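How are the copies in this assembly arranged, and what do they share where they touch? The report below takes up these points in turn.

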Protein chains: 6
Amino acid sequence: MDTWLPSLITDTPQQGFELAITLSRRGVKYTQTDTDVLHKLRPEYANNADSLTAASQVIAINFQTVAAANNYWRDKK
Amino acid sequence: MDTWLPSLITDTPQQGFELAITLSRRGVKYTQTDTDVLHKLRPEYANNADSLTAASQVIAINFQTVAAANNYWRDKK
Amino acid sequence: MDTWLPSLITDTPQQGFELAITLSRRGVKYTQTDTDVLHKLRPEYANNADSLTAASQVIAINFQTVAAANNYWRDKK
Amino acid sequence: MDTWLPSLITDTPQQGFELAITLSRRGVKYTQTDTDVLHKLRPEYANNADSLTAASQVIAINFQTVAAANNYWRDKK
Amino acid sequence: MDTWLPSLITDTPQQGFELAITLSRRGVKYTQTDTDVLHKLRPEYANNADSLTAASQVIAINFQTVAAANNYWRDKK
Amino acid sequence: MDTWLPSLITDTPQQGFELAITLSRRGVKYTQTDTDVLHKLRPEYANNADSLTAASQVIAINFQTVAAANNYWRDKK
């Protein structure tokens, strides 16, 4: 597999949040490697309120990690 | 996408809690970008007790991040 | 909206736990602002074991934040 | 309400784990204050594997808080 | 009850992971003390993918605590 | 059981993420030791959007632990 996560450091909190989204999706992709299946599943959860909340929760957990890694971007304020 | 998260720093804990809500909603919006779909889904979870608890949990997780970033607003007490 | 969260600091762990409950309920209220709906939903989850466990989990997550903010009330032992 | 949480400090990790159980149950009791209802709900979740896992998860989250408060009982090793 | 958790300190990360499993099971046992019931419930969740994921999640949360207690076994590398 | 977790330290964040996946799977395997059962369950959750989100969440929690153990790979940037 190619390099997709060279660092947890980002320039801004927003980029950190987007990295958290990447981490969340990678967690799914490592489990289901067939992208055709993933595309077929997408409408199933993207149109379900509870599934979207669950997706947002995984992002929130990964954002905790990225934010801590970046010392909450305090030095860049 | 425009800048929606320039900083995790807020003046008060309450503003920090509201930022946690913003983060939680953004986590949803990045997954389902169609705002029409999001509006249609809203009544579905806003009238379901378990969905509201789940939403509150995502906010709680994001609030942990924002509170830590602000050193729990200890210096502003 | 009026000020409901001026500080995360409390005198005792028990008050901190009660603040965690407040945070958990506020997370719900920000999502469903209609208090009539909230009152109608109450019996639905207050009489369901899994819903109560889920509510207790949100409180536990918020209590982590409040306890850390208060340095676990170690200095007040 | 009387004082049920004077401190997060315990002598041993095991007592800390038991305090985490107390915190988890209190989270439920604050939401459903009627002990008759709680007793009626008990068999419902105590005989369901997923409900027991969920209960164990809330305990795990509260144990994180109690363990951190006690500095993981490192000084008492 | 006899002593089952004298310390959170383990020699290796793997032993720490196994302690996290013990903590997760104890969380269940404190809630359902009847071991006959627990044995009867075992096949129910051990053959269900979502139940196994939920069990793995509780272990992950407890492992966070054990790993922090052991300072991530950094000194033993 | 043989040694499968000698250390939480990895060279890169990506290897750390993959270790988090290993931890998540081990949490399942300790609970259901029969690999035939695990293989039979795989299609059940690998084709279900909510199951994949749940799996990604366990990975996210374990990644928090691994990332903290590695001090977020800050020194290797």
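Predicted model: local features only at pLDDT ≥ 70, side-chain atom pairs only at ≥ 80, totals over all residues.

Residues are numbered from 1 along each chain as its sequence is written, chains are lettered from A and ligands numbered from 1 in the order in which they are written, and side-chain values use heavy atoms, with hydrogens and water left out.

**The chain**

Chain A holds three helices and zero strands. Helices (H or I, at least four residues) and strands (E, at least two) are DSSP runs, numbered from the N terminus. Read from the N terminus, the order in chain A is α-α-α. Along the principal axes, the C-alpha atoms of chain A fill a box of roughly 40 × 30 × 15 Å.

**Symmetry**

Two copies of a chain are related by a rotation about an axis and a shift along it. Here copies are superposed by least squares on the C-alpha atoms of residues with pLDDT of at least 70 in both.

Chain B and chain C superpose by a rotation of 60° with 0.0 Å of shift along its axis, at RMSD 0.0 Å. In chain B, B:Ile61 comes closest to the rotation axis, with its C-alpha at 6.9 Å.

**Interfaces**

Contact means heavy atoms within 4.5 Å. The size of an interface is often given as the accessible area lost when the parts come together. Buried area here is the accessible area (1.4 Å probe) that two parts lose on being put together, summed over both. A salt bridge is a side-chain nitrogen of Lys or Arg within 4 Å of a carboxyl oxygen of Asp or Glu. A polar contact is a pair of N or O atoms within 3.5 Å; within protein, one must be able to donate a hydrogen and the other to accept it, and residues adjacent in sequence count only if both atoms are side-chain atoms.

| Interface | Residues in contact | Buried area | Share on carbon and sulfur |
|---|---|---|---|
| Chain B and chain C | 28 residues of chain B, 34 residues of chain C | about 2,500 Å² | 62% |
| Chain D and chain E | 28 residues of chain D, 34 residues of chain E | about 2,500 Å² | 61% |

Between chain B and chain C there are zero salt bridges. Polar contact joins 14 residue pairs of chain B and chain C (both at pLDDT 80 or more). On the side of chain B that touches chain C, helix H1 (13-31), helix H2 (35-46) and helix H3 (49-69) of chain B each supply at least two residues. H3(B) brings the largest share of that side, 13 residues. The residues of this side of chain B divide into 15 nonpolar, seven polar and six charged. Ala, Val, Leu, Ile, Met, Phe, Trp, Tyr, Cys and Pro count as nonpolar, Asp, Glu, Lys and Arg as charged, and the others, Gly among them, as polar.

Only 18% of the interface residues of chain B are also interface residues in chain C, so the copies meet through different surfaces.

How many salt bridges lie between chain D and chain E? The count is zero. Chain D and chain E have 14 residue pairs in polar contact (both at pLDDT 80 or more).

Some chains do not touch. Chain A and chain C have no contact, and their closest C-alpha atoms lie 12 Å apart. Chain C and chain F have none either, with closest C-alpha atoms 14 Å apart.

**Aromatic pairs**

Rings of Phe, Tyr and Trp (its six-membered ring) pair if their centres lie within 6.5 Å; planes under 30 degrees apart count as stacked, over 60 as edge-to-face and the rest as tilted. Over all chains, the whole structure has 30 aromatic pairs. One of them is C:Trp4 with C:Tyr30, a tilted pair at 6.2 Å centre to centre and 55° between the planes. This pair links distant parts of the chain, 26 residues apart: C:Trp4 lies in the segment before helix H1 (13-31) of chain C, and C:Tyr30 in helix H1 of chain C.
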